[in-house]
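Can you walk me through a few features of this model?

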Amino acid sequence: MHRTLNLLFAILIIVSGTTAVFGQAPAKPATSGNSIRTEDFATAMKKIRDTWVQEFNAGHADKVAALYAEEAVLMRRNGSVHNRDSIVAELQRSISAHAHGYTLDSLHAEHSGDLGYDTGIYNENLPHHIAEGNYLIVVKKIKGEWKIVAHAAIPNPRLK
């Protein structure tokens with residue numbers, strides 16, 4: 001009987017050891033899929049920022065507005081506009097008022113699933129002063145492409 005218990009105990013140890021060794025999950029690669037997606041998002045946001053600045057400074061309101069979703073909202077110092085057609089008109093108004101030299105400096109961008117945001121600092125040369133402030137761009141992946149769904153640009157108070 002004592003010998004049977006020793007045999008059962010030995011089998012239990014072997015089975016437990018085998019389960020522990022073969023039941024372990026494989027090691028994860030150093031670069032997980034999530035960090036790859038984060039890199040893709042960072043690249044997409046950089047492209048959106050760069051295109052926005054380049055096309056605005058070139059006077060192409062329609063090309064800037066193409067970065068926005070159909071039902072997007074743009075919030076600026078003089079109010080909010082809703083939908084892409086209104087955004088084109090607002091951007092064209094700014095361009096016609098001789099706004100130029102627009103720059104964006106991103107401070108932080110992040111996403112989760114199909115939503116993300118980018119926030120930072122902007123500068124814009126206007127005829128009578130330089131506007132500086134903070135921006136927040138909210139993006140959503142629509143049909144596989146990141147589109148701006150909300151964009152707020154809040155100017156810093158002007159020094160007199």
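Predicted model: local features only at pLDDT ≥ 70, side-chain atom pairs only at ≥ 80, totals over all residues.

Student: Is serine 94 buried or exposed?
Tutor: Serine 94 sits in helix α4, residues 84–96 (helices are DSSP runs of H or I, at least four residues, and strands are runs of E, at least two, numbered from the N terminus). Buried means under 20% relative accessible area, exposed over 50% and partly exposed in between, with a 1.4 Å probe and protein chains only. At a relative accessible area of 3%, serine 94 therefore counts as buried.

Student: Which class does lysine 143 fall into, and why?
Tutor: Lysine 143 lies in the loop between β5 (130–142) and β6 (145–155). Its relative accessibility is 86%, so lysine 143 is exposed.

Student: Which strands stand at the edges of the sheet?
Tutor: Six strands make an open, mixed sheet in the order β2-β1-β6-β5-β4-β3, where two strands pair if DSSP finds at least two bridges between them. Each edge strand has a single partner, so one side of each lacks a neighbour in the sheet; these are β2 and β3 (100–112).

Student: How many bridges join β4 to β5?
Tutor: Strand β4 covers residues 115–125 and runs antiparallel to β5. Threonine 119 stands opposite leucine 136 in β5. The number of bridges joining β4 to β5 is 11.

Definitions and conventions:
Residues numbered from 1 in each chain as written. Heavy atoms only, no water.
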